[in-house]
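This briefing concerns the aromatic rings of the structure shown below and the charged groups placed over them.

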Amino acid sequence: SFGSRHLRGRVSDVALGGRLRFHAGASYRGATGDYDYYNDNGTPLVAGDDAFVDRTNNGFDQVGGVARARYDWSRTGVELGIRSTWKQQGIPGVGSVQTTGASLGSLGQLLDGRVESRLADATHVAATLFLLDERQHYRDLRGEVGIGQQDNRYVTMSTGSTALLRHDLGARHRLSLGLDGRLDRHVITDERAAGLVALDEALTL
């Protein structure tokens, strides 16, 4: 309905040589989004200008991919993964105010890794690391959504890691010690203001 479409493919739980396993997948989603809705034209007390109209500028296209691999030794396992998502969509506006050109583009990349090892029968250690890069481009050059024209880019970059030591104290109890750290950086760029940049950084440990 309304131009909806979806395509997905996946190769999962493939074992190579008994120690290496991986899976990969890709998908596409999209829609026109041109359903009809009741529009009171911004005058709820006046019935003469009400009508059912088609939603405009409400379509989107999205492509994603993921791949993961794991290698196991006798006591140690290593796992790596990557996920990517791209999306382009219209911004339809609200109520009776439709739009024709406002849009939002998004691109995200996530890379993560994990190492876990059994030091003894009851003692385990694990470490994880991730890298995230998200980028968005919001364009409303006709000022249809907000106040005034907008052409902004948003970038979020994050990295973090976790270390965990776990010791089993019998069948019902477990002792865990962990350390977690994360660094985030956000950048906002106004393309219409000759590259004026507002920067906000936060460090969390």
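Over the ring of which residue does the charged end of lysine 87 sit? In this predicted model, the charged end of lysine 87 sits over the ring of phenylalanine 60, at 4.9 Å from the ring centre.

**Charge over a ring**
- Arginine 55 places its charged end over the ring of tyrosine 37, and the distance to the ring centre is 4.2 Å.

**Aromatic pairs**
- Three aromatic pairs are found when the whole structure is searched.
- One of them joins tyrosine 38 and phenylalanine 52 in an edge-to-face arrangement, with 5.3 Å centre to centre and 65° between the planes.
- This pair links distant parts of the chain, 14 residues apart: tyrosine 38 belongs to strand S3 (residues 36-39), and phenylalanine 52 belongs to strand S4 (residues 51-54).
- Tyrosine 71 and tryptophan 73 also form an edge-to-face pair, with 4.7 Å centre to centre and 70° between the planes.

**Accessibility of the paired residues**
- Phenylalanine 52 has a relative accessible area of 60% and is therefore exposed, because the exposed class begins over 50%.
- Tyrosine 38 counts as partly exposed, at 48% relative accessibility.
- Tyrosine 71 has a relative accessible area of 31% and is partly exposed.
- Tryptophan 73 is likewise partly exposed, with a relative accessible area of 46%.

Definitions and conventions. Residues numbered from 1 in each chain as written. Predicted model: local features only at pLDDT ≥ 70, side-chain atom pairs only at ≥ 80, totals over all residues. Heavy atoms only, no water. Phe/Tyr/Trp six-rings, centres within 6.5 Å; stacked < 30°, edge-to-face > 60°. Helix = DSSP H or I, 4+ residues; strand = E, 2+ residues; numbered from the N terminus. Buried < 20%, exposed > 50% of the residue type's maximum accessible area, 1.4 Å probe, protein only. Lys NZ or Arg CZ within 6 Å of the ring centre and 35° of its normal.
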